[in-house]
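Please look over the structure below before reading the briefing. The notes that follow are grouped by topic.

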Amino acid sequence: MNTGFMTIYWRDMLRFFRFRTLLISSLVQPALWMAFFGIAMSSSFDRFSMGVPAVPGAEAVGYLTFMAAGVIAMTTLFTSLFGGIVLLFDKNWGLMREILASPLPRSHIIIGIALSGMTKSFIQAIIIMVFGLVLGVEFFRGLSPTGILVAVAGILVFVGMFSLGFLFLSATISISMESPEGLQGIITLLTMPIFFASNALYPTDAFPAILRDISVVNPLTHLITGIRYFAIGDNFTAIGIHFTHTPGDILASFLVLIAFAGVMFSLAWWRFSQAVIT
Amino acid sequence: MIDVRNLVYRYGAFTAVDTISFQVFKGEIFSFLGPNGAGKSTVINVLITLLTLQEGEVSIAGYDLSREPEKVRESIGIVFQEVTLDRDMTVWEILEFHGRLYNLGKTERRRRIDELLSLVELEEKRDSLTKELSGGMKRRLEIARGLMTRPRVLFLDEPTLGLDPQTRIRMWEYLNQVNREGTTIFLTTHYMDEADQLSDRISIIDHGKIIVTGTTWQLKNALGEDSIYIETSDDDAAQEMLSTDSRVTSLRRKKKGILVMVDGDGTRLLPALMDTLLAAGLHITAVNLKKPSMDDVFVHYTGRELREGGGGTVYRGRRP
Ligand SMILES: Nc1ncnc2c1ncn2[C@@H]1O[C@H](COP(=O)(O)OP(=O)(O)OP(=O)(O)O)[C@@H](O)[C@H]1O
Ligand SMILES: [Mg+2]
């Protein structure tokens, strides 16, 4: 019985591959961000930073490379927040009654959905990285093939932990909401501040104090920090700003993501144990 | 197989199920018959663990519902009132998913799927998405799903709601077959004929209370309103004799013959009445016995017709 979540996982992946259009459309948005915003902005940002003297020992990277990490993170955020929506459909029109009346423990519903959502994020992150490299994103510069593998693994670990937190949140909202419109509204409401109060498109150093505080507790900031560390390095300049990260910083960021996932799991578990569907 | 004592269920301040007790025996088909909003689905949802047991004692397949809900879940099959299928999964996937949910082994799962698809005649739809199925096919698929785990008790909430007459009759055949193979069946319905033809015993339920429980025969006999039609060689003489008979409650003269309402079981009273008439030298040329229908039973016990019956007037008004 302790592999019951695999049933939920199997079924959700079945739907994922059946609706390939969904996968493709979820990749169009990041591709457009990079192709338009990224390339357009880098032509102006990179002109500014040319005037800034190079920091010795730090690698100078272009804006496109800088924001590519943000695009991966943003896509993970969207996919994860929508990852639980199948539960809402199941509740209103589908299999939720069957599942809730079955011997499957409710925690396995949450775990199954989280694992399938995480898998989807992995697939997307890898596709975006490949697409980015084609567009000229300078990830993994000067790394050996093994080094690249380690870096990709590191990125996926961060992406995975981050997506778990938001998948648990998505599952919580889905099981509590009555309509898909409501869910959509909440998600839109959440993504805006999470995305813009982060270091996805620009550094947070120049933020006003309140916004900076938000960005510090914002899981998205910590995901992006992690991605940049593995994809670009621990000492680089971009948009004329010098970034350095110690492994301790990275570990701290990862711990924030773990804590966030933990809290969100408890929340989901509590909501699911309350859920009544007739 | 099912033992329910003093079950109460409240939605907030509203009591939907009011102190219900009943038993369903092993191998039986047992029906809850009642109008919309009577509380049928609420009772089923408590029994299948979707709603929490607020008050009362329930045991199913030998397991106490409040102490061993997991065991209860493993022992039962369910067909819900609403369609609960994923439109974007195939027939085979729906059954496979269910088998996995209940932890059936792979070989057992695959064998069951084949058996059940042939039972409900959906072999050809194995790889169709459920959104491509007709209403009757969906219902058959849901019944097959309910049977996947070889449940000891099968719960069906309005199994033939919205199906055409032929499909309903096929559905009853499936259910009878499943029942013969040893599955106890508990179903709810607001169709008189379904309760009448399918079940061994019936509880009539209204406003959250059980009004009466019994076999269809017991319920009909309890009305005491069997009607006997008799033609004799001398109807006038016969009428005079019968009108003073204590077993006769009322009597009406027809063009050719007499219609007699009797107090009690007509199958037993008819021979006795015939003996009386024969002893008086009357010749009986024709007899007919009519038992009350389930509709009569329902009206008798609830004092009103099933609400759906009222719809007839709408059509009458439209007739030219
Ligand atoms: N979730 C709910 N919240 C509040 N009241 C409810 C809820 N579900 C049902 N009820 C009320 O409880 C009563 C019984 O409802 P129930 O669904 O059990 O009836 P039913 O006999 O199954 O009817 P139907 O034949 O229409 O399916 C109704 O008066 C209904 O309005
Ligand atoms: Mg109902």
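Buried area is the accessible area (1.4 Å probe) that two parts lose on being put together, summed over both. Between chain A and chain B, this area is about 2,500 Å², and carbon and sulfur atoms give 61% of it. The model is a predicted one, in which local features need pLDDT of at least 70 and side-chain atom pairs count only at pLDDT 80 or more, while totals for chains, interfaces and linings use all residues. Residues are numbered from 1 along each chain as its sequence is written, chains are lettered from A and ligands numbered from 1 in the order in which they are written, and side-chain values use heavy atoms, with hydrogens and water left out.

**Where chain A meets chain B**

- In terms of contact (heavy atoms within 4.5 Å), 23 residues of chain A touch 29 residues of chain B.
- There are 6 salt bridges between chain A and chain B, a salt bridge being a side-chain nitrogen of Lys or Arg within 4 Å of a carboxyl oxygen of Asp or Glu.
- Arg18(A) and Glu93(B) are joined by a salt bridge between their side chains, at 2.7 Å from N to O.
- Polar contact joins 8 residue pairs between chain A and chain B, both residues at pLDDT 80 or more.
- A polar contact is a pair of N or O atoms within 3.5 Å; within protein, one must be able to donate a hydrogen and the other to accept it, and residues adjacent in sequence count only if both atoms are side-chain atoms.
- Helix H1 (5-18) and helix H5 (96-100) of chain A are the elements that give two or more residues to the side touching chain B.
- H1(A) supplies the largest share of that side, 7 residues.
- Helices (H or I, at least four residues) and strands (E, at least two) are DSSP runs, numbered from the N terminus.

**Chain B as a whole**

- Chain B contains 12 helices and 14 strands.
- Its C-alpha atoms fill a box of roughly 75 × 45 × 45 Å along the principal axes.
- Of the 320 residues of chain B, 51% count as buried, where buried means under 20% relative accessible area, exposed over 50% and partly exposed in between (1.4 Å probe, protein chains only).

- Helix H1 (residues 40-47) of chain B is largely enclosed by the rest of the structure, because 7 of its 8 residues are buried.
- The buried residues of H1(B) include Lys40(B) and Thr42(B).
- After H1(B) comes Thr49(B), which has a positive phi, near 75°.
- Ligand 1 has 13 residues around it, of which Gly37(B), Lys40(B), Ser41(B), Thr42(B) and Gln81(B) come nearest; a residue counts as near if one of its heavy atoms lies within 4 Å.
- An N or O atom in the side chain of Thr42(B) is 2.5 Å from an oxygen atom of ligand 1.
- For Asn36(B), an N or O atom in the side chain is 3.0 Å from an oxygen atom of ligand 1.
- A polar backbone atom of Gly39(B) lies 2.9 Å from an oxygen atom of ligand 1.

**Ser75(B)**

- Ser75(B) belongs to helix H2 (residues 69-75) of chain B.
- Ser75(B) is buried, with a relative accessible area of 9%.
- A polar atom of the Ser75(B) side chain lies 2.6 Å from the backbone oxygen of Lys71(B).
- Not counting residues up to four places away in sequence, Ser75(B) touches Ala61(B), Tyr63(B), Pro151(B), Arg152(B) and Val153(B).
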